[in-house]
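What follows is a briefing on a single protein chain, arranged by topic. Please keep the sequence and the structure in view while reading.

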Amino acid sequence: MLMVKRCTRLIHVDAIAPRLSKFSLRPPHSVDVEFADGNAFSLSAEFLRVYSPAADSKIRSIGGEKVIFGRRHVGIMSAEAVGNYGVRLLFDDLHKTGIYTWGYFYHLGSNKFTLMRKYIDTLKKHGLSRDPKRK
């Protein structure tokens with residue numbers, strides 16, 4: 001059921017997003033995207049990793065809530081085009097299954113501060129950190 005909701009949300013996001021006009025990978029730290037409506041966003045590797053659209057993004061379930069933690073220093077190693085609608089990002093923690101559509105980038109950029117605040121609040125709620133565990 002979660003996957004159906006996620007797919008429905010992504011389809012809706014893609015339907016309303018303006019056309020992508022520029023995509024720039026700035027490894028290992030970020031991705032910059034610009035859209036035809038003039039909006040431009042710089043999205044950090046940590047933010048993109050935490051909000052990966054992949055179903056298996058190394059999520060820890062805590063009380064039924066999905067939480068990704070310890071990704072403050074994750075980096076982006078490469079980006080691979082997927083058709084003409086998105087990219088697959090390869091992170092240095094070897095996560096590479098999420099396909100980021102242009103519409104999803106627009107959604108993330110448009111809601112970046114709210115989503116990041118939600119992520120930090122969720123980590124605090126569960127006593128987790130953005131920093132990786134020390135070995």
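**Briefing on the chain**

Arginine 117 counts as partly exposed, its relative accessibility being 45%. The model that gives this value is a predicted one. In this model, the protein chain has 135 residues, of which buried residues make up 41%.

**Overall architecture**

- The protein chain contains 4 helices and 8 strands, and these follow one another along the sequence in the pattern α-β-β-β-α-β-β-β-β-β-α-α.
- Among the contacts in the protein chain with a separation of 6 or more, 52% are between residues 24 or more positions apart.
- The protein chain exposes about 8000 Å², and carbon and sulfur atoms supply 55% of that area.

**Nonpolar core**

- The largest nonpolar core has 32 residues, and those with the most contacts inside it are Leu48, Tyr100, Phe105 and Leu108.
- Two or more residues of this core come from each of strand 2 (30-35), strand 3 (40-44), helix 2 (45-50), strand 7 (86-91), helix 3 (102-110) and helix 4 (112-125).
- Once its neighbours within four places in sequence are left aside, leucine 48 is in contact with Val31, Leu43, Ile76, Leu89, Phe91, Tyr100, Phe105 and Leu108.
- Helix 3 is mostly covered, with 7 of its 9 residues buried, and these buried residues are Trp102, Gly103, Tyr104, Phe105, Tyr106, Leu108 and Gly109.

**Salt bridges**

- The whole structure holds 7 salt bridges, one of which joins the side chains of arginine 26 and aspartate 32 at 2.7 Å, N to O; arginine 26 is partly exposed, with a relative accessible area of 43%.
- A salt bridge also links the side chains of arginine 49 and aspartate 93, at 2.8 Å from N to O. Because arginine 49 lies in helix 2 and aspartate 93 in the loop between strand 7 and strand 8 (99-101), this pair ties together parts that are 44 residues apart in sequence.
- Both arginine 49 and aspartate 93 are buried.
- Arginine 117, already described as partly exposed, forms a salt bridge with aspartate 121, and the closest N and O atoms of the two are 3.3 Å apart. Both residues lie in helix 4, 4 residues apart, which is about one turn of the helix, and aspartate 121 is likewise partly exposed, with a relative accessible area of 39%.
- Salt bridges that share partners join Arg49, Arg71 and Asp93 into one network.

**Aromatic pairs**

- The count of aromatic pairs comes to 9. In one of them, phenylalanine 23 and phenylalanine 105 have ring centres 5.9 Å apart and planes at 55°, so the pair is tilted.
- Phenylalanine 23 lies in strand 1 (residues 20-26) and phenylalanine 105 in helix 3, so this pair ties together parts that are 82 residues apart in sequence.
- Tryptophan 102 and phenylalanine 105 both lie in helix 3, 3 residues apart, about one turn of the helix, and both are buried.
- Ring pairs link Phe23, Tyr100, Trp102, Tyr104 and Phe105 into a cluster.

How values were computed
Residues numbered from 1 in each chain as written. Predicted model: local features only at pLDDT ≥ 70, side-chain atom pairs only at ≥ 80, totals over all residues. Heavy atoms only, no water. Core = buried A, V, L, I, M, F, W, Y, C linked by side-chain atoms within 4.5 Å. Buried < 20%, exposed > 50% of the residue type's maximum accessible area, 1.4 Å probe, protein only. Contact = heavy atoms within 4.5 Å. Salt bridge = Lys/Arg side-chain N within 4 Å of Asp/Glu carboxyl O. Areas by Shrake-Rupley, 256 points an atom, 1.4 Å probe, with all protein chains shown as cover. Phe/Tyr/Trp six-rings, centres within 6.5 Å; stacked < 30°, edge-to-face > 60°.
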